[in-house]
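Thanks for coming. I have one structure to go through today, so please have a look at the sequence and the model first.

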Amino acid sequence: MNVHESEKIAGILRSRGYESCDNVGDADIIVLNTCCVRETAETKIYGHLGRIKSQKKQGAILIVCGCMTQQPFAAEKLAKRCPFVDITIGTFNQFLLGEYIDKFIHTGTKIIDIKQSEKECGEGEAEVIPYRTSGINAWVNIMYGCNNFCTYCIVPYVRGRERCRPMEDIVKDVDGLLKSGYKQITLLGQNVNSYKYMDKDFVGLLKELDSDERYRLKFMTSHPKDISPDLATVMANSKVLSRYLHLPVQSGSDRILQAMNRHYDRNEYFAKIDALRHVIPDIGLSSDVMVGFPTETEDDFLQTLDLVERVGYNNLFMFIYSRRSGTPADKMPQLEYSVKQERIDRLIKRQFKISKELALKSVGKTVTVLVSEKNGNRCFGKSETDAALSFESDSAAIGDFVKVKIKSAVNANLTGEVV
């Protein structure tokens, strides 16, 4: 989502005649699109700003936007610590970046403007034409914001409540991208499964995007509480949907899941995984797991290890819990960092073993790979189940769909040959 938002910022700048450059010292405009999911990201921003201050040329416009500045009092704190920042805006009015630049160039007056909702921006949130930088893949927002209020997460406070885009706008975007040659579309939302516009839900949107044209359709991120049996059926029957699902579990302990305000327990999660695999036996699964959440005991962690073992994820994104001021979890009793580090080391070791075993089981299978990179005659891409794969081919090009038989697996790295 951050990558795509930066593509939109680049699109705004290009529409005003600017081109990207590699060196801060050459730039007329420097934009820092910030994150605040983890407090460490915020710390890094101030480090970047210190370096930029000494590197930027005379007259260059320095802009800070995104989630960090949307937090209460963050813009005021930034203004005190970094008075050399020219424009500071939040998340709701980011689409108006070009107008703020025009105003600053005309007046030379520092701008700090943080809106509390999209309604304060006049005509409301608008789509801009992104400058796409993700190769064969194009991102398409289907919604913004979040209604879930997980106790560790700042997103609902800085992105607002859920706002879904009209289905006809999404379909139009996807059609245009396919005509432009993109071979993979990834739908984006904080919780795509809660998409609803008029009488259409997320499953209805996926049916609308099914096509005889050859492309791959993916989506992220899904919340376990909103996964429906209909989704599995649509994924199994679709001609374009990837047979892959990222379904963040966060913890395997019911007590911790309740403390996180996740609205499901481990048995419900297992039931949804079983239902998916019943319809799509070879589905690729990945997840997010957070280690060291406040009050997590050794037994809570062992339940997480057990869940990871029982599900058997192809890929797992593992994080140490990071305090985030402004969230309920920040006020809960915290664990020592050494405990969190020891636990995540054990989790990484366990997941490495699982990924290696699953990779070995895939040897001998034939899959369809969408080529995303090529170096000489070595092609790289992903299968329908999101498995990363490399193979040799002189004729295959970036954007091609190629039938490949998996010949070997070293750890989780698959290699194959063209069928």
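Some ground rules. This is a predicted model, where local features need pLDDT of at least 70 and side-chain atom pairs count only at pLDDT 80 or more, while totals for chains, interfaces and linings use all residues. Residues are numbered from 1 along each chain as its sequence is written, and side-chain values use heavy atoms, with hydrogens and water left out.

Buried is under 20% relative accessible area, exposed is over 50%, and partly exposed is in between, with a 1.4 Å probe and protein chains only.

Start with helix 7, residues 167–179. Its 13 residues should span 18 Å at 1.5 Å a residue, and the end C-alpha atoms are 18 Å apart, which agrees. The expected span here is 1.5 Å times one less than the number of residues. Which residues of helix 7 are buried? They are Met167, Ile170, Val171, Val174, Leu177 and Leu178. These cover an arc of only 130 degrees around the axis, so they sit on the same side of helix 7. The arc is taken over the directions from the helix axis to the C-beta atoms. On the other side of helix 7, Glu168, Lys172 and Lys179 are exposed. The buried residues pack against strand 5 (137–141), strand 8 (184–188), strand 9, strand 10 and helix 8 (202–209); contact, here and below, means heavy atoms within 4.5 Å. Just after helix 7, Gly181 has a positive phi of about 105 degrees.

Next, helix 12, residues 298–311. For its 14 residues the span should be 20 Å at 1.5 Å a residue, and the end C-alpha atoms are 20 Å apart, which agrees. Its buried residues are Asp300, Phe301, Thr304, Leu305, Leu307, Val308 and Val311. They cover an arc of only 160 degrees around the axis, which puts them on the same side of helix 12. What covers them includes helix 10, helix 11, strand 13 (284–291), strand 14 (315–320) and helix 13 (337–361). Gly312 follows helix 12, and its phi is positive, near 70 degrees.

Now the pair, Thr368 and Glu384. Thr368 is in strand 15, residues 366–375, and counts as buried at 7% relative accessibility. Leaving aside neighbours within four places in sequence, Thr368 is in contact with Arg214, Arg216, Lys382, Ser383, Glu384, Phe401, Val402 and Lys403. Of these, Val402 is 34 residues away along the chain, with 5.5 Å between the C-alpha atoms.

Glu384 is in the loop between strand 16 (378–382) and strand 17 (388–392). At 18% relative accessibility, Glu384 also counts as buried. Not counting residues up to four places away in sequence, Glu384 touches Arg216, Ser242, Arg243, Tyr244, Val367 and Thr368. The C-alpha atoms of Glu384 and Asp306, 78 residues apart along the chain, are separated by 27 Å.

On to the second largest pocket, with a volume of about 580 Å³. A pocket is an open set of points on a 1 Å grid over the protein atoms alone, where a 1.4 Å probe fits, with protein on both sides within 12 Å along at least five of seven lines; lining residues have an atom within 4 Å of a point. The lining has 23 residues, of which Leu13, Ser20, Cys21, Ile29 and Val31 lie nearest the centre. Helix 1 gives the most to this lining, with seven residues.

Last, the backbone. Most residues other than glycine have a negative phi, and most peptide bonds are trans. Where is the cis peptide bond? It runs from Met220 to Thr221, with omega near 5 degrees. Thr221 lies in the loop between strand 11 (216–220) and helix 9 (229–237).

Met198 has a positive phi, near 55 degrees. Met198 lies in the loop between strand 9 (196–197) and strand 10 (200–201) and is exposed, at 68% relative accessible area. Asn261 also has a positive phi, near 65 degrees. Asn261 is in the loop between helix 10 (254–260) and helix 11 (266–279), and at 25% relative accessibility it counts as partly exposed.

How values were computed:
Helices (H or I, at least four residues) and strands (E, at least two) are DSSP runs, numbered from the N terminus. Grid points are joined across faces, edges and corners, and a volume is the space filled by probe spheres set on the points.
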